[in-house]
Amino acid sequence: QSYRWSTTALHLRDLYSQLAVRQPVIADVSALLTANEFDRLEALIDATLRLANDEIDAVAAVERGEIDQPFWYVRIAGDAKQHFSAEYTLGQRTLVVESYFMPEPDENREALFAHLLTRNASMHPIHFVVGSENAIYLRGQVDNRHVDADMVDRMLAAVYDYTEQFFVPAMRMGFESRFNR
């Protein structure tokens with residue numbers, strides 16, 4: 001018996017095939033910030049994270065640096081995961097936040113990845129990604145034109161909330177035999 005495509009599936013297949021033949025997207029050069037806009041955004045992020053350090057008990061420290069781009073390293077004290085961090089990196093077009101979540105799982109790898117991908121559907125402004133050495137990270141990226149103090153704060157809150165909420169269940173799934181001793 002052969003499979004019959006549903007109307008929705010046929011429509012999606014047609015859309016995807018149309019997308020595959022589109023011309024490459026040319027970067028919008030107008031999205032680049034002027035030097036003054038970049039400096040203002042850098043100062044805004046710095047002030048927002050310093051305020052978080054002063055007012056939020058879970059924020060243990062904020063360190064500022066610059067190698068190729070300005071970055072902020074935020075150390076966080078949690079309950080589910082005792083210590084973790086969020087690193088903000090300000091690029092010419094985007095603000096990226098990244099946090100190491102857990103090492104590559106020893107067990108139930110596919111089930112854990114499926115679980116985290118399912119979680120991604122309702123997560124904003126950050127989501128789970130697989131990074132170097134197959135470790136799992138939380139990562140978010142926002143166009144600089146949409147970055148304000150509220151967005152910087154929301155990204156920090158998301159790192160904290162998602163780590164506290166998902167770390168223990170993910171570790172239990174990815175390292176099940178260690179938890180069941």
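What follows is a short chat about how to read a sheet, its helices and some rings in a predicted model.

Q: What should I know before I start?
A: This is a predicted model, where local features need pLDDT of at least 70, side-chain atom pairs count only at pLDDT 80 or more, and totals for chains, interfaces and linings use all residues. Residues are numbered from 1 along each chain as its sequence is written, and side-chain values use heavy atoms, with hydrogens and water left out.

Q: In what order do the strands form the sheet?
A: Strands (E, at least two residues) and helices (H or I, at least four) are DSSP runs numbered from the N terminus, and two strands pair if DSSP finds at least two bridges between them. Here 6 strands make an open sheet, ordered 1-2-3-4-6-5, with antiparallel pairing. Strand 1 (59-66) and strand 5 (127-130) are the edge strands, each pairing on one side only.

Q: Is S85 buried or exposed?
A: Buried means under 20% relative accessible area, exposed over 50%, and partly exposed in between (1.4 Å probe, protein chains only). S85 has a relative accessible area of 16%, so S85 is buried. You'll find S85 in strand 3 (residues 83-90). Leaving out residues up to four places away in sequence, S85 touches Y73, V74, R75, I76, E98, S99, Y100 and V159.

Q: Which residues of helix 3 are buried?
A: They are L112, F113, L116 and N120. These residues cover an arc of only 95° around the axis, so they sit on the same side of helix 3; the arc is that of the directions from the helix axis to the C-beta atoms. The buried residues pack against strand 4, strand 5, strand 6 and helix 4 (149-174). E110 and T118, on the other side of helix 3, are exposed.

Q: How many aromatic pairs are there?
A: Rings of Phe, Tyr and Trp (its six-membered ring) pair if their centres lie within 6.5 Å; planes under 30 degrees apart count as stacked, over 60 as edge-to-face and the rest as tilted. A search of the whole structure turns up 6 pairs. In one of them, F101 and F128 have ring centres 4.9 Å apart and planes at 70°, so this pair is edge-to-face. F101 belongs to strand 4 and F128 to strand 5, so the pair ties together parts that are 27 residues apart in sequence.

Q: Which cluster do F101 and F128 form?
A: Together with Y162, F166 and F167, they form one aromatic cluster. F101 counts as buried at 1% relative accessibility, and F128 counts as buried at 6%.

Definitions and conventions. Contact means heavy atoms within 4.5 Å.
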